Amino acid sequence: MTENTPRFQLLPLTDERDEIKAMAISIMGFRFMLPLEAPDPIQYPFLAGARYRPSRILVSYPESTNWLTLSWEDDGKHEELTVQWFQPR
């Protein structure tokens, strides 16, 4: 059980038979999706430009950079994902 708040949201993504195909998670504005199979870009258009299994998530601030390194048991090429902080003017 979890509570959806503006800082943490959890949403199951279902198919036409109401079977769960993925979980969408938003943590303080960072959106992640945990698919159980390859996602359908027509059914889930918000996945355009999504990164599949990033090797590292870098969060870059003006004074520092933090990262989370991930590993996957496959032979695929995994790219880094960078989140750049900026202050609106």
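**Reading a three-stranded sheet**

Mentor: D18 lies in the loop between β1 and β2, where strands are DSSP E runs of at least two residues, numbered from the N terminus. The model is predicted, so local features need pLDDT of at least 70 and side-chain atom pairs pLDDT 80 or more, while totals for chains, interfaces and linings use all residues. Residues are numbered from 1 along each chain as its sequence is written, and side-chain values use heavy atoms, without hydrogens and water.

Trainee: What is the phi of D18, and is D18 buried or exposed?

Mentor: Most residues other than glycine have a negative phi. Here the phi of D18 is positive, near 65°. D18 is exposed, at 61% relative accessible area; exposed means over 50%, buried under 20%, and partly exposed in between (1.4 Å probe, protein chains only).

Trainee: In which order do the strands form the sheet?

Mentor: Strands of a sheet pair through backbone hydrogen bonds, either parallel or antiparallel. In this model the open sheet runs β1-β2-β3 with antiparallel pairing; two strands pair if DSSP finds at least two bridges between them.

Trainee: Which residue in β2 stands opposite F8?

Mentor: That residue is I27, within strand β2 (residues 20-27). I27 counts as partly exposed because its relative accessibility is 37%.

Conventions:
Helices (H or I, at least four residues) and strands (E, at least two) are DSSP runs, numbered from the N terminus.
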